[in-house]
Amino acid sequence: MRGRILNSLRLKNYLLIGLLCLMPMHAYGATVVSPTLDTGDTAWMLISATLVLMMTIPGLALFYAGMVRKKNVLATMMQSFAICCMMSILWVVIGYSLVFTTGTPYIGNLSQFMLNGILEHFHFGIDKGFVLGADTAAPVMMTIPQSVYVVFQMTFIIISVAILVGSAAERIKFSALCVFCILWGLLSYVPIAHWVWSPDGWLASLGAIDFAGGTVVHINAGVAGLVCAIMIGKRIGIGKSDLSPHNVGYAVIGASLLWVGWFGFNAGSALGANGRAGMAMLVTQVAAASGGIGWMCIEWIKRKKPTVLGIVSGAVAGLVVITPAAGFVLPGPAILMGFIGGIACFWSCSYLKHKLGYDDSLDAFGVHGIGGIIGAILTGVFAFGPLSATEADPAGISASISLVIAQIEAVAVTIIWSGGISWILLTVIDKVIGLRVDPDDERLGLDMSLHNEQINS
């Protein structure tokens, strides 16, 4: 009799557990208590989101505008500004939900369409932290409001799309650019971000790591930029006419804003005001410095004179290289990584594109694609375990052959996916509305031909 009662109780318990497993869970997780909000972490993440937004407007807008001809300055700035507007809406409507909900290892679901549910713990103006991936084996406790995390991650898709269009500067139709950016953000950025940064993403499950966007942002955007440059074709007059930058001063100001904003990009990816954020800021600074020195030195040797545009491009290359590694490496390896990145990106921008014959106008692939690839792989070489150690994983993630292999796999997947999606989208858009402005409009300049505006001084 006692045995039958115990069996009956066990059956009831099993049924109860089964019913709980079948119950729908909110994005925060029905069985996980929301963590307490930390005001220091929240303040830092609010600042970080602002810094990363500054990287695009005005940072990248000025950096790119300084490198084009005077007749295309406003059109180039318009691209960054319009992308900021379009990606903000795309992210809120559907992008965030598809990236950070846990539908499958390949894509999230629509449970947070239009940010449905993110105010669940918001009462009388006070919010709580939230749990990312509450229904996975590795939930991430967030001590910041989900609204802040949404904005922070929004700035990443904004700058990713803004980076890639630099490859087609001075000749792409604005209508084609708008359509391509929206579709590429949805079909390339969103899936890759889910694969790498979602708790159940399949590249993350392979062991690949990307602290702040080496694969998700830089390789993804750089490869798409390369495809754009090839498919749209070269600018009129390249190799024959003077296509030198209109205002290198703009480029220096833009690169400086990028450098400062990158602290939000990398140190902000620690998702709190903590020691890992401090180390990420330190390695970001020294990698940028060594990248600028690397480019300056090789240019000095090869061309006898270092250029202003060269040293600022080298600093950006160093920033790109350290991005995937910022929360995993120490300052010594960061200096080496930045220096390698500066030299490699100089080679890519100065020799590779001329050898292969593509016109990457503002070196989106030469700096971001090549730099991202180098940084992602070297992260596996130099990762220092204690920086990423947690209570659940006291050893952290350390450099190893298996980690290098996982990084190479993530790089290869990103190149194939981004390149393939970009080629398909550009092919379709070209057939429907055309990719390139008319030759006469290109000669006139995109400021007047596309926007009926011009710089008067």
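This is a predicted model: local features need pLDDT of at least 70, side-chain atom pairs count only at pLDDT 80 or more; totals for chains, interfaces and linings use all residues.
## Thr101 and its surroundings

The side chain of Thr101 comes to 2.7 Å from the backbone nitrogen of Asn109.

Thr101 sits in the loop that runs between helix H3 (73–100) and strand S1 (130–132). With a relative accessibility of 5%, Thr101 counts as buried, because the cut-off for that is under 20%. Once its neighbours within four places in sequence are set aside, Thr101 is in contact with Tyr96, Gly108, Asn109, Ser111, Gln112, His194 and Ser198.

## The annotated domain

UniProt has an unreviewed entry here, and its annotation "domain: Ammonium transporter AmtB-like" covers residues 43–454. Over that stretch the chain is 66% helix and 1% strand. The end C-alpha atoms of residues 43–454 are 40 Å apart.

## Helix H9, end to end

How far apart are the end C-alpha atoms of helix H9? They are 42 Å apart, which agrees with the 42 Å that its 29 residues (275–303) should span at 1.5 Å a residue.

Both ends of H9 have something to look at. At the start, a side-chain oxygen of Asn274 reaches to within 3.2 Å of the backbone nitrogen of Arg276. Just after the helix, Lys304 takes a positive phi of about 75°.

## Aromatic pairs

The structure holds 19 aromatic pairs. Take Phe63 and Tyr64: their ring centres are 6.2 Å apart and their planes are at 25°, so this pair is stacked. Phe63 counts as buried at 6% relative accessibility, and Tyr64 is buried too, at 2%.

Trp295 and Phe346 make an edge-to-face pair, because their planes are at 80°, with the ring centres 5.6 Å apart. This pair links distant parts of the chain: Trp295 belongs to helix H9 and Phe346 to helix H11 (residues 331–356), 51 residues apart. Both Trp295 and Phe346 are buried. Elsewhere, ring pairs join Trp91, Tyr96, Phe100, Phe130, Tyr149 and Tyr189 into a cluster. Tyr96 also turned up among the contacts of Thr101.

## Cysteines

How many disulfides are there? The count comes to zero. Cys297 is in no disulfide, and the nearest cysteine sulfur, that of Cys345, is 15 Å away. For Cys345, also in no disulfide, the nearest cysteine sulfur is that of Cys349, 6.2 Å away. A disulfide would need the two sulfur atoms within 2.5 Å.

Are these residues buried or exposed? Cys345 counts as buried, at 0% relative accessibility, while Cys297 counts as partly exposed, at 30%.

The peptide bond from Ile57 to Pro58 is cis, with omega near 15°. Pro58 is found in helix H2 (residues 39–67).

Asp363 has phi near 60° and lies in the loop between H11 and helix H12 (364–382). With a relative accessible area of 18%, Asp363 is buried, given the cut-off of under 20%. Asn452 has a positive phi of about 55° and lies in the segment after helix H15 (446–451). Asn452 is exposed, with a relative accessible area of 61%.

How values were computed:
Residues are numbered from 1 along each chain as its sequence is written. Side-chain values use heavy atoms; hydrogens and water are left out. Helices (H or I, at least four residues) and strands (E, at least two) are DSSP runs, numbered from the N terminus. The expected span of a helix is 1.5 Å times one less than its number of residues. A polar contact is a pair of N or O atoms within 3.5 Å; within protein, one must be able to donate a hydrogen and the other to accept it, and residues adjacent in sequence count only if both atoms are side-chain atoms. Buried means under 20% relative accessible area, exposed over 50%, partly exposed in between (1.4 Å probe, protein chains only). Contact means heavy atoms within 4.5 Å. UniProt positions are given in the numbering used here, feature names are shortened, and annotations may be inferred rather than shown by experiment. Rings of Phe, Tyr and Trp (its six-membered ring) pair if their centres lie within 6.5 Å; planes under 30 degrees apart count as stacked, over 60 as edge-to-face and the rest as tilted.
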